[in-house]
Amino acid sequence: RLVHGDVKPLNILFDGSGAPYLADFDVLGPIATNAKQGEVRAASLPLGTPDYLAPECFESRLKTPRSDQYALAVTVYESIAGRKPFESLLAADLARAHGVMVPDSLSSVRPSVPEALAAAVNRGLAKDPALRYETCVVFAHAVLASLQQPTFSETLRLACPRCCRLLSVDPESS
């Protein structure tokens, strides 16, 4: 398994048909891998963008695929809410926020968001990696499935944090 270590909007690229691709694997360079446990440990400071780092990356500098899932959940949250779950100019404040604070629920920030979508993102943002989804793929399926629920009647507009383009998800076309 591969741990990217810096999942964020800037590192998610789309091809002409809209298929996403993860880019910028530079963070993996100075990381030692323990293939037996599927973990990577940074040599000194946590590597990656603090706005998207999982709590365990700040605490022990340990990264796993579930750390990438947390960063992906932050990206999804930001795309839907129009803001990151935690914002600060100081990495120490972000470390504390990611470690102990609970972000506002997506359904409270955007009332049109289905509760199932808010729950999927909240699970991806769990402080304990063991409480997150098994893989990023399972997380992505939960997010997509929540968008297809019949209780979601409004068009959801998402602001892409990378290019600022407004994207729409229309439940009637799902």
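**Basis.** I worked from a predicted model, in which local features need pLDDT of at least 70, side-chain atom pairs count only at pLDDT 80 or more, and totals for chains, interfaces and linings use all residues. Residues are numbered from 1 along each chain as its sequence is written, and side-chain values use heavy atoms, with hydrogens and water left out.

**Chain.** I found six helices and seven strands in the chain. Helices (H or I, at least four residues) and strands (E, at least two) are DSSP runs, numbered from the N terminus. From the N terminus on, I read the order of elements as β-β-β-β-α-β-α-α-α-α-α-β-β. Of the 174 residues, 43% count as buried; buried is under 20% relative accessible area, exposed over 50%, and partly exposed in between, with a 1.4 Å probe and protein chains only.

**Helix α2.** I noted 17 residues in α2 and a reach of 24 Å from its first C-alpha to its last, close to the 24 Å expected at 1.5 Å a residue (1.5 Å times one less than the number of residues). Since 15 of its 17 residues are buried, α2 is largely enclosed by the rest of the structure.

**Cavity.** I found one cavity of 30 Å³ or more, and the largest cavity has a volume of about 60 Å³. A cavity is a set of points on a 1 Å grid over the protein atoms alone where a 1.4 Å probe fits but cannot get out; lining residues have an atom within 4 Å of a point. The volume is the space filled by probe spheres set on the points, which are joined across faces, edges and corners. Helix α2 (residues 65-81) gives the largest share of the lining, three residues. Among the lining residues I listed Asp6, Tyr52, Cys57, Lys63 and Asp68.

**Aromatic pair.** I counted one aromatic pair. The ring centres of tyrosine 133 and phenylalanine 139 are 5.8 Å apart and their planes are at 50°, so the pair is tilted (centres within 6.5 Å; planes under 30 degrees apart are stacked, over 60 edge-to-face, the rest tilted). Both tyrosine 133 and phenylalanine 139 are buried.

**Glutamine 148.** I placed glutamine 148 in the loop between α6 (136-147) and β6 (156-159). Its relative accessibility is 55%, so glutamine 148 counts as exposed. Glutamine 148 and proline 114 are 34 residues apart in sequence and 9.6 Å apart in space, C-alpha to C-alpha.

Terms used: Phe/Tyr/Trp six-rings, centres within 6.5 Å; stacked < 30°, edge-to-face > 60°. 1 Å grid on protein atoms, 1.4 Å probe; cavity = no way out; pocket = protein on both sides within 12 Å on 5 of 7 lines; lining within 4 Å.
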